[in-house]
Amino acid sequence: MNFTFDSELDSFVATVSDFITKDYSPQHIRNAWQQESPFSQEKWQSMVGLGITQMTLDERFNGMGLSLDEAALVYEELAYGGVIEPIIEHSILVNNLAHYFPYDLQQLISSKLIDSFIAVVHPLSPLVNHLTQAAGLLSINESSIIYTDVASVSHTILPSNDPSRKLSRIDNLESFQTFQIDKNLEQKIVSSGKVMTAIMMLGLSRRCLDITSEYVKTREQFGKPIGSFQAVKHMLADVAVKIEFAKAAVYRAAYSINADNANHALHANIAKYLAAQAGEIATKNSIQAHGAMGYTWEVDLHIFMRRIWAITSQWSSAGALELEIDRFLQSNLEDLGSTFTFREK
Amino acid sequence: MLLLRKETQILKMKLNYTNDQNSFRQEVRSWLERNVPKKPLLSLDTKEGFEQHRHWEKTLNKGNWSMVTWPKEYGGRGLDLIEWLIFEEEYYRAKAPIRVNQNGVFLLGPTLMEYGNEAQKQRFLSAMARGEHIWAQGWSEPNAGSDMAAIRSTAIKQGDKFIINGQKTWSSRASFADWTFGLFRSDLETSRHHGLSFILVPLDASGVSVRPIPQLDGEPGFAEIFFDNVEVPTDNLIGNEGQGWNIAMATAGFERGLMLRSPARFQETAANLIKLASNYDNLAPSINAALIDCWVRAEAYALNIYQTASKIQAGKKIGPESSLGKIFWSNLDLEMHAVALKILGTQSELKNEEAKNISSWIKGFMFSLAGPIYAGTNEIQKNIVAERLLGLPR
């Protein structure tokens, strides 16, 4: 039993954190919003250069072969930066799982895993972000993965409340190849989608809290910083508590995916449930602590709040998570209790 | 620049138990199966119940289970925090009695381990493990509650003695305990956090009087302690004179952070809550949602504590983060019991001993109301989080 991250991973996180600070400012995001497509090939290549896409990619594809828990902190940091390009999605939904894909599919996409972006669509995440920038589309359902060149996809662009997201509804696939998969792989993809959203929630919630903490230290009313008032302190402490107690659950769920834990679906549900709660209170209390400033386009807070609101129901809504957790509890009543958490089936 | 270096050797996270840990669990389980009293003990806040619980502490000690993380020479087993968590999981699973000496083994024990001298460790840790010294806390005073640095009780050094005067209150277990540990002002020239000393006082010393205070459940779970020229040898000073505040904060850190409330307790409550609800048809969706929320939070707490324990074992210190935990578990405990009472409906007020599965919830609810107050109110914890973790101004 060892629930710590190796300190070797700290330097990866620090490198990414440095990249966010220097190359991925909120001003960059605002500038990108002015472009026809906010997806920046230059930023994508910078992140590829940092090795992001190789982290969870298996060694057979020239990746580093880290498991998702080992890479989680790096993705969390990218989410903290509000990166527009779907590199977290590509890395977690495609690269971390590519070696589980049917062999013929592996052959088809292997040259695109490190440098390009492969999009994923699934009934639980039916709108595709930045499809026009993708080198391919994987349409996943319970029994198959369908691969399509983006040129063969007819789609309709739909506006998002988050200008960083460029969503497409898939209307038709003109030519495609179908690969049969078993239910286990599909479940692993769904769990990955939930854990991915949870990891992003952690990073984004931390960003909202940091922005707000800085704001209340400098904004003065009644002759002092509003951060010295207990009403404000307690509001932000409540956010810190929710974030802190989502973290371990998220990292455990990330661990369970590559460790083939029989309960990975439950772990992913718990992770996303807690992280979505953290995101909800982080946005609510951050905007409140900012007062009317939080309600403006000018203050950077909304860049990150919008992302939280946009992704919170990806890969299952809060209600669906509750139903699934409830179903698990009802069918495992006798196993619950103090020895449940790390029990091996 | 390429972030990744293939030659990097990562120390893997590993979220399952070793064979040794599994066999340790079996050892704990089978000992508890043989030794946990079949008939529940009386309340530890009655004279008779207190002695029953003291007897249980002695039984634990005979099996070397007083505190598994302590070194063997003090009655422990020299095990690590993961094994302590396993022990606690089995302990709550077996429905073993509440630890009457939790102030001692979970709070003073770790403090002595860090700040006590060898003679003090020899004298107090073993007696604590054997159940001979049951400890009460001596922090709060009538005018020093959340503002603990306002302590006025004094301990003035005269030769090889301290002369103690003043009053402590809300002292848990003091009604029947043998000793108290607490903070006293030893330097009258200084104020606030300075000039305080951490001193151990026997409650049968001349000049000590104890006035039990009935709690919400009617039983004297805490007491006031009055000190009237009480003489205590300077050997009872922990650490240095004037260092008391820092030592007390370390003790409070153990209390909030890890030791006082192991996850097992809440996981058992959460499981009991889910099982309770499964006996009722047609629960409102809001109740169902609250149940799930409680269970998930208990799981989140367990995961967080395993991570914290792993961090401590890897040599990291826990600081103000412990305040996050205290806020989290105290609210969870309260909510679990509140939901149970809603499910029980008109039955919820019943205190009948023969239907413990019902009456334990109202009793637990009464106890859980104290959670957001003791070990530093949650409002103070939130101030600590805001100021020390988020950097907000005082």
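Visitor: Which order do the strands take in the open sheet of three strands in chain A?

Guide: The order is β2-β6-β5, with antiparallel pairing. Strands here are DSSP E runs of at least two residues, helices are H or I runs of at least four, and both are numbered from the N terminus. Two strands pair if DSSP finds at least two bridges between them.

Visitor: What kind of model is this, and how is it numbered?

Guide: This is a predicted model: local features need pLDDT of at least 70, side-chain atom pairs count only at pLDDT 80 or more, and totals for chains, interfaces and linings use all residues. Residues are numbered from 1 along each chain as its sequence is written, while chains are lettered from A and ligands numbered from 1 in the order in which they are written.

Visitor: How many bridges join β2(A) and β6 of chain A?

Guide: Three, in the antiparallel sense; β6 covers residues 167–173. A:Val128 has A:Ser168 in β6(A) as its bridge partner.

Visitor: How is chain A divided into domains?

Guide: Domain 1 is 8–181 and domain 2 is 184–335. The bounds come from an automatic or database domain assignment. Over C-alpha atoms, the centres of domain 1 and domain 2 of chain A are 21 Å apart. Their contact takes 30 residues from domain 1 of chain A and 31 residues from domain 2 of chain A. Contact means C-beta atoms, placed from the backbone, within 7 Å.

Visitor: Which helix gives the largest share on the domain 1 side?

Guide: α4(A), with eight residues.

Visitor: How many secondary structure elements does chain B have?

Guide: Eleven helices and eight strands.

Visitor: What about its radius of gyration?

Guide: Chain B has 22 Å; a compact globule of 394 residues would be near 21 Å, so the two agree. The radius is taken over C-alpha atoms, and the globule rule is 2.2 Å times the number of residues to the power 0.38. The C-alpha trace of chain B spans about 70 × 70 × 50 Å along its principal axes.

How values were computed: Two residues are in contact if their C-beta atoms, placed from the backbone, lie within 7 Å.
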